[in-house]
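Please open the model in your viewer and keep a selection panel at hand. The stops below go from one selection to the next and say what is to be found at each.

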Amino acid sequence: MMEELVREVLEGNKRAIARAITLIENNPEKCPEFIKSIFSFTGNAFIIGVTGPPGSGKSTLVNSLSKEFRKRGKTIGIVAVDPTSPFSGGALLGDRIRMDELTSDPNVFIRSMGSRGSLGGLSRATMDAIRVLDASGFDLILVETVGAGQSEVDIVRVANCSIVIGIPGTGDAVQAIKAGILEIADIYVVNKSDRPGATEIVNELQLLLSLDPKSKDPNRWKIPVISTSSVKNIGIEPLADMIFKYQSYLLDPKNTDYALEQEMKRRKHEILEIIKVEIFENMLSSLMNRQKWEKILLEVIQKKSDPYSAANSILDPLFR
Ligand SMILES: Nc1nc2c(ncn2[C@@H]2O[C@H](COP(=O)(O)OP(=O)(O)O)[C@@H](O)[C@H]2O)c(=O)[nH]1
Ligand SMILES: [Mg+2]
């Protein structure tokens with residue numbers, strides 16, 4: 001069963017890809033085996049993370065960008081992560097309608113995912129879904145995540161190229177800098193540039209970025225600020241160009257050290273996420289199940305022990 005699914009996923013069969021992602025979402029215990037069998041076929045896709053506040057136009061931009069990439073002959077996998085909705089429907093329905101033209105394109109695969117089961121941030125299931133799309137041969141994978149604290153930092157750790165979106169008139173730009181979000185962006189986008197105040201924000205951001213001492217290093221990637229309007233179809237081509245420019249930068253032998261450093265950060269993060277899930281979901285319950293609870297609790301009740309000492313004696317074997 002699994003072998004057949006693996007084979008079909010590697011062939012790029014869209015129905016098999018959908019089934020594989022459902023398997024990942026619903027049967028986490030099957031993930032290690034499944035990912036193991038596709039892992040050697042991953043690493044060819046360029047993963048593009050798109051994050052920003054709700055309503056900043058992420059879905060619309062992913063849509064226009066995907067159409068631009070299609071014009072350039074690229075095949076595309078899209079994962080939209082909406083933490084507010086573990087089910088399809090709701091807010092995601094709008095996205096789906098807007099992406100209709102792409103849905104019927106055989107070279108595009110679109111999937112919405114909730115982020116349930118995640119310990120604050122991008123879930124393990126999302127990372128594995130990206131792996132499936134990678135193994136099935138898509139050139140580009142676009143991952144849309146709502147910028148709500150941890151998730152925007154997390155997408156950066158999974159993507160090869162991180163795009164952070166802000167819009168005029170919301171103080172996003174300043175917020176982004178305060179939250180250190182600007183630094184994690186590889187490309188910053190000021191979307192809805194058809195609205196007043198866009199030029200000012202772009203200038204302000206460019207100034208702030210130029211003040212960063214790291215920007216003085218001529219070999220280092222300079223975070224560009226691009227203004228876009230999906231409504232007026234402005235800036236989409238330059239943004240696509242910039243994404244490929246960053247891809248070339250990473251592949252340039254001059255920047256091998258930088259690219260490897262980024263890659264190591266990503267891999268470490270992923271391994272850590274798996275360990276976290278193991279510790280919280282599996283190790284904790286097995287540790288709890290193994291205790292002689294009545295004895296421990298009675299000792300605390302009778303003041304022969306205290307809660308900290310009791311917790312420490314339970315944890316002790318783990319750290320020995
Ligand atoms: N004026 C303007 N509105 C836009 C632009 N891009 C998206 N929108 C609108 O902003 C709203 C939210 O867009 P959506 O892509 O769903 O945002 P998301 O929540 O970040 O995915 C929708 O009503 C879009 O039509 C833009 O460039 N200019
Ligand atoms: Mg959206």
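Begin by selecting N233, which lies in the loop between β7 and α12, where helices (H or I, at least four residues) and strands (E, at least two) are DSSP runs numbered from the N terminus. Although N233 is not a glycine, its phi is positive, at about 55°. N233 counts as exposed, because 12 other C-beta atoms lie within 10 Å; the classes are buried for 20 or more other C-beta atoms within 10 Å of a residue's own, exposed for 12 or fewer, and partly exposed in between, with C-beta atoms placed from the backbone.

This is a predicted model, in which local features need pLDDT of at least 70 and side-chain atom pairs count only at pLDDT 80 or more, while totals for chains, interfaces and linings use all residues. Residues are numbered from 1 along each chain as its sequence is written, and chains are lettered from A and ligands numbered from 1 in the order in which they are written.

Now select the strands and look at the open sheet of 7, whose order is β3-β2-β4-β1-β5-β6-β7 with parallel pairing; two strands are taken to pair if DSSP finds at least two bridges between them. At the edges stand β3 (108-113) and β7 (225-227), each with a single partner strand, so one side of each has no neighbour in the sheet. On average, neighbouring strands of this sheet are turned by 20° against each other, direction ignored; axes here are lines fitted to C-alpha atoms, for helices over the stretch in contact, and angles run from 0 to 180 degrees between N-to-C directions.

Inside the sheet, strand β1 (residues 46-52) runs parallel to β4 (residues 140-146) and is joined to it by 7 bridges, with I47 opposite I141 in β4. Helix α4 (residues 58-71) packs on the sheet, where it touches β1, β2 (76-81), β3, β4 and β5 (161-166), and its direction makes about 170° with that of β4; contact between two residues requires C-beta atoms, placed from the backbone, within 7 Å. Helix α12 (residues 236-251) packs on the sheet as well, touching β1, β5, β6 (187-190) and β7, with its direction at about 170° to that of β6.

The parallel pair β2 and β3 is joined by 6 bridges, and I76 stands opposite V108 in β3.

Which residues touch the most other members of the largest nonpolar core? They are I48, I141 and L142, in a core of 60 residues, that is, a set of buried Ala, Val, Leu, Ile, Met, Phe, Trp, Tyr and Cys residues joined through C-beta atoms within 7 Å. Helix α7 (residues 124-135) gives the most to this core, with 7 residues.

Select I21 in helix α2 (residues 14-26), which is buried with 22 other C-beta atoms within 10 Å. Leaving aside neighbours within four places in sequence, I21 is in contact with R111, A129 and V132.

Finish at ligand 1, which 15 residues surround, the closest being G57, K58, S59, T60 and K192; a residue is near a molecule if its C-beta atom, placed from the backbone, lies within 6 Å of it. Helix α4 gives the most to this shell, with 3 residues.
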